[in-house]
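This report concerns the model displayed below. Please keep the sequence and the structure in view while reading.

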Amino acid sequence: MDKIPSFQKNHNVLQPGMYFSTLQQGVATFDLRFKKPNAGDYLSPAAMHTIEHLLATALRNGKNKSDIIYFGPMGCRTGFYLLTVHTDYRAALCCLKDAVRAALAMDFVPGVKKAECGNYRSHDLAAAKRELLGYSDLLDSITEAQIEYEQKKFEEAK
Ligand SMILES: [Zn+2]
């Protein structure tokens, strides 16, 4: 059995950030790492679920909404995956920053009626916003050198 790309990444050295993962059939996967793996601090299930609702809504209403293929949580509760088309690292980072800002401005959780969600009681807007605020600061701290490094990985995958 082949080891899939996300298991080949060395999680012992992975820091929170946003990383380019793969480009397959024109679809780019980005690793939105909120938490350092295996460090004892994880997203709570309710915060992660609310972030999923907020950011999915923001991404799909943003100016690049037609380029968003998928956004969803990692089972290990240390981050999310963002799948896009026509979006290199730099453009995806820009989309994500806009979406995080839009999510932080929401004062309600979209899609939380019982008919709209599979676990509608499991939400925590305050905790989701705390996590998003931290991640927003982290995205703003990504240096030009780091952007160029991820952009180069993206270009090499084409
Ligand atoms: Zn839901």
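The sections below describe a metal site, a helix and a sheet in a predicted model.

## Zinc site

Three residues supply the protein donors of the zinc ion: His49 through NE2, His53 through NE2 and Cys117 through SG, at 2.1 to 2.3 Å from the ion. Along the chain, these donors follow the spacing H-x3-H-x63-C. His49 and Cys117 link distant parts of the chain, being 68 residues apart. His49 belongs to helix α2 (residues 45–59), whereas Cys117 sits in the loop between α3 (89–104) and α4 (125–140). Both His49 and Cys117 are buried.

## Helix α2

Helix α2 is largely enclosed by the rest of the structure, because 12 of its 15 residues are buried. Among these buried residues are the zinc donors His49 and His53, together with others including Met48, Ile51, Leu54 and Leu55. The cover over the buried residues of α2 includes strands β3 (68–73) and β4 (79–84) as well as helices α3 and α4.

The length of α2 agrees with expectation: at 1.5 Å a residue, its 15 residues should span 21 Å, and its end C-alpha atoms are 21 Å apart.

## Sheet and packing

An open sheet of 4 strands has the order β1-β2-β4-β3, with antiparallel pairing. Strands β1 (17–24) and β3 form its edges, each pairing on one side only. On average, neighbouring strands are turned by 15° against each other, direction ignored. The antiparallel pairing of β3 with β4 comprises 5 bridges, and Tyr70 has Leu83 in β4 as its bridge partner.

Helix α2 packs on this sheet and touches β3 and β4, its direction making about 165° with that of β3. Helix α3 lies across β1 and β2 (27–33) and runs at about 130° to β1.

Notes:
Residues numbered from 1 in each chain as written. Predicted model: local features only at pLDDT ≥ 70, side-chain atom pairs only at ≥ 80, totals over all residues. Heavy atoms only, no water. Donors = N, O, S within 2.8 Å, 3.2 Å for Na, K, Ca; no water. Helix = DSSP H or I, 4+ residues; strand = E, 2+ residues; numbered from the N terminus. Buried < 20%, exposed > 50% of the residue type's maximum accessible area, 1.4 Å probe, protein only. Expected span 1.5 Å × (residues − 1). Contact = heavy atoms within 4.5 Å. Pairing = 2+ DSSP bridges. Axes fitted to C-alpha atoms, helices over the stretch in contact; angles between N-to-C directions.
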